[in-house]
Amino acid sequence: MSMAQQHGLWSSPMLRWIAAGIVVINGFFPAVWILFTSLKPESELVQKPITWWPHGPTLENYVRAFTDQPLLTYLKNSVLVASGATLLSLVVSAFAAYAIARLNLKYRQLILTCIVASSMFPLVTLLVPIFETMRALGWLNSYAALIFPYVVLNLPVCTLVLVSFFQSIPKDLENAAMIDGCTRMGALVRVVVPLAAPGVFTAGILAFVNSWDEFLLALSLNSSPAVRTLPVGIALYQGEFTFPWPIISAALIVSIVPIALLIAAFQERVVGGLTQGGLKG
Amino acid sequence: MLSKLRDPSEKTLAVMLLSPAFALLLAIVVYPIGKLIYNSLFAIDKDGAFLGLQNYVDVWQDPLFWNATQNTLLITLITVPGALIVGLALALLANLPFKRKWPVRLSLLLPWALPLSFAGLIFAWFFHTEYGVVNDVLMRLGLQDEPTSWLLKPRWAFAAICLTIIWKTASFMALILLAGLQMIPRSLYEAAEVDGANLWQQFWQITIPMLMPSIVVALIFRTITALQTFDIPYTMTKGGPGEATETLAMLIHKYTIDYSDIGFGSTLAVFMFVISLVVTGFYLNHIGKNAA
């Protein structure tokens, strides 16, 4: 920032426009290109040289995305799996984070390290035994097969974010509530939970995006189309002979929009949470 | 009993609060790792005969294993520094004093939030031989007369996958580095200015050293995820042409899920586990040395 403010060249509005342009194009071009593709009728898509801006925009690909393929089922599965995993992640990690941040624990640092270190293990190495376990439990092709591993996947980030939030709530507030006759649990529910709400919300968004995006387990554990999530469902769209790009583009836009709106609405929280406990590549 | 639940002792409360997290970690991380090692060591063939270390010998002699390992390490060596350089550039650009911060911030968040598999699909469409924008631009610029089949040629397919991974992961790097950049005190630059240091010197002598902690954190997590690369090559090339872009994670998935060879898949996973531990250990050791 200071570099930019001290030098005439660096602080020129022109340069700022160019810099913003590069960052914005880098971030948005792929999604915008897919949006354009999704709006082109099939006749325009096979035209050469290819068109950039859609000349005859149409929604037919969106209709076909829902009618030719069970996109609505995938959407429902993704929403249920991601919501279930998010809620459970928040409960489990809020409990753990409260204990780590607030209680007089002997091995506080070790416990936190154990939880964070779990994210160092490559998920794919756990795939084989998780697959076997789910098969033994008869859980293959169920929401539970994904929800429980996703909770573990989300646990490190959520716990880190929530620990720092709990630590930022003055302990005196809780003590005061207890002196006023609240039980420990009463103080937790009436004082700590409301104050931690923003942290819980941030952790929730990160957990939701992580769960919404996961591919390997969703592909391996839920092979039946009825329980496929969006990333797997769309990646496995197969045309008779060619990959159905127009329908795929429409389906991609349908799946990107909810997440894009979510992060657009809560940008600052997401960035804050990521830099506090960001563990995702 | 009820009063105890309402007002538990510190210790009881700690156990109650921590047990769900640890139960899940035991079930989904610790037990699987134990089971994995057991599977790989005590393999039994179809007739029930004990195989012993046969799986390890088989993996060691499998050219597909060496090919996948080489691809995985190469992807890591290319995309981790690649994402760091692009991410640092994006972070420096995004750190300029903009009036409105949200367009730039959202531009960094969008690639992060996009599933890896979607990035793979979108870039596969970019590199499409007939209708891809890459061939279109190159031909309009007169750089090639005939469209190139990027994803059907081993080297180009590999390069396209690396490019996609760099694009997808650089934004997250940029977000972490941007947070680091914003923590550097302005007074450092002012002092350097007084001493007559130019921008280049300021970058190397203030920005980079002050940013080091963020860079190391970002590099560790990016390396761990790079070693697990699966989604992008799976959606772009399915490991092809041939096995030119097959990664270790894809090989494990193929043996375990497609071929149902749990013993061989587990042994591959043990190798992968060891590689990850070595890399993580290397980094942690490096950080320890720097801190000391």
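Where is Tyr237(A) found?

## Tyr237 of chain A

Tyr237(A) lies in the loop that joins α13 (230–235) to α14 in chain A; helices are DSSP runs (H or I, at least four residues) numbered from the N terminus. The model is predicted: local features need pLDDT of at least 70, side-chain atom pairs count only at pLDDT 80 or more, and totals for chains, interfaces and linings use all residues. Residues are numbered from 1 along each chain as its sequence is written, while chains are lettered from A and ligands numbered from 1 in the order in which they are written.

Because 18 other C-beta atoms lie within 10 Å, Tyr237(A) is partly exposed (buried means 20 or more such atoms, exposed 12 or fewer, and partly exposed in between, with C-beta atoms placed from the backbone). Neighbours within four places in sequence aside, Tyr237(A) is in contact with Gln69(A), Pro244(A), Ile247(A) and Ile248(A); contact requires C-beta atoms, placed from the backbone, within 7 Å. From C-alpha to C-alpha, Tyr237(A) and Asp180(A) are 61 Å apart in space and 57 residues apart in sequence.

## Two domains in chain A

An automatic or database domain assignment gives the domain bounds: chain A is divided into domain 1 (2–58) and domain 2 (63–277). Taken over C-alpha atoms, their centres are separated by 31 Å.

Between them, 8 residues of domain 1 of chain A are in contact with 7 residues of domain 2 of chain A. On the domain 1 side, α3 and α4 (42–45) of chain A each supply at least two residues, and α3(A) gives the most, with 5 residues. This side divides into 4 nonpolar, 2 polar and 2 charged residues (nonpolar: Ala, Val, Leu, Ile, Met, Phe, Trp, Tyr, Cys and Pro; charged: Asp, Glu, Lys and Arg; polar: the others, Gly among them).

## Helices α3 and α14

In chain A, the axes of helix α3 (residues 13–39) and helix α14 (residues 245–265) come within 8 Å and cross at roughly 125°. That angle makes α3(A) oblique to α14(A), a class left over after roughly parallel (under 35 degrees), roughly antiparallel (over 145) and roughly perpendicular (65 to 115). Axes are lines fitted to C-alpha atoms, for helices over the stretch in contact, and angles run from 0 to 180 degrees between N-to-C directions.

Residues of α3(A), including Ala31(A) and Ile34(A), meet residues of α14(A), including Trp245(A) and Pro246(A). The contact comprises 9 nonpolar, 3 polar and no charged residues.

## Chain A with chain B

The contact between the chains takes 82 residues from chain A and 81 residues from chain B. Helix α2 (residues 10–41) of chain B gives the most to the chain B side, with 15 residues.

Notes: Two residues are in contact if their C-beta atoms, placed from the backbone, lie within 7 Å.
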